[in-house]
Amino acid sequence: GDAVALGDLDGPGPSTCALAVGAALDDDGALNRGALYVLFMGSAGQVLSFQKISSLEGGFAGPLAAGDEFGSSLAFLGDLDGAGPSAAAIAVGAPFTDDGGTSRGAVWVLFLSSTGSVISQRKISSTSADFTGLLDNLDEFGGAVTWLGDLDGIGRSVAALAVGAGGDDDGGLDRGALYVLFLGPGGEVLSNQKISSTTGGFTGVLDNADDFGTALAGLGD
């Protein structure tokens with residue numbers, strides 16, 4: 001229950017909708033690697049079936065390390081790959097991932113089948129070739145995620161994803177930041193815009209330890 005996201009995976013199948021539920025302290029494979037459950041819901045709110053996704057289940061090829069806390073944040077991305085093989089994609093935060101340094105964080109884009117298993121995945125982090133954002137130790141990128149829809153309209157991206165980094169130190173210790181990622185159909189980052197005390201046109205006054213970006217929600221147009 002650390003995070004939840006909602007969408008339709010099985011189309012005309014028996015469920016009314018699918019609910020993704022994070023379990024960031026799950027120990028599949030190692031302590032606190034994290035996991036999520038895809039719950040297929042009935043019209044009365046009952047669980048018709050479910051699929052767990054972790055280091056050990058659901059077709060997820062990771063890899064995850066102890067303490068990553070995969071499943072800390074979730075965002076349903078819709079049918080990101082269009083006519084591709086997946087039914088839908090979901091973004092999953094793992095804010096204590098150590099790619100490039102301690103707890104810099106990561107986001108996984110998972111392409112799901114209609115049964116909730118992982119067909120393929122893409123990792124976005126300090127060591128991802130297509131992500132050019134500069135993450136520092138303890139930024140906790142991926143602590144929050146939210147779908148922003150097709151932000152650039154007829155531009156190159158198919159969707160935009162906002163990602164919180166509550167431990168970012170722009171302007172002062174732990175003031176926080178968020179990144180707007182423009183995604184391609186394979187979950188690749190085509191471009192990004194950081195928003196913080198010092199960049200992105202944000203004029204709000206942040207203080208040290210504000211942890212801006214700890215929670216996110218897309219409000220539409």
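Me: What makes a stretch a strand, and in which strand is the place of Gln51?
Reply: Strands are DSSP runs of E with at least two residues, numbered from the N terminus, and Gln51 has its place in strand β4, residues 47–53. This is a predicted model, in which local features need pLDDT of at least 70, side-chain atom pairs count only at pLDDT 80 or more, and totals for chains, interfaces and linings use all residues. Residues are numbered from 1 along each chain as its sequence is written, and side-chain values use heavy atoms, with hydrogens and water left out.

Me: Which residues is Gln51 in contact with, leaving aside its neighbours within four places in sequence?
Reply: Contact means heavy atoms within 4.5 Å, and with those neighbours left aside Gln51 is in contact with Leu36, Tyr37, Val38, Gly58, Thr115, Gly116 and Ser117.

Me: Why is a set of points called a pocket, and what volume has the largest pocket?
Reply: On a 1 Å grid over the protein atoms alone, where a 1.4 Å probe is used, a pocket is an open set with protein on both sides within 12 Å along at least five of seven lines, and lining residues have an atom within 4 Å of a point. Volume is the space filled by probe spheres set on the points, which are joined across faces, edges and corners, and for the largest pocket this is about 210 Å³.

Me: Which strand gives the largest share of the lining of the largest pocket?
Reply: Strand β9, residues 141–149, gives 4 residues, and the lining includes Trp147 and Asp221.
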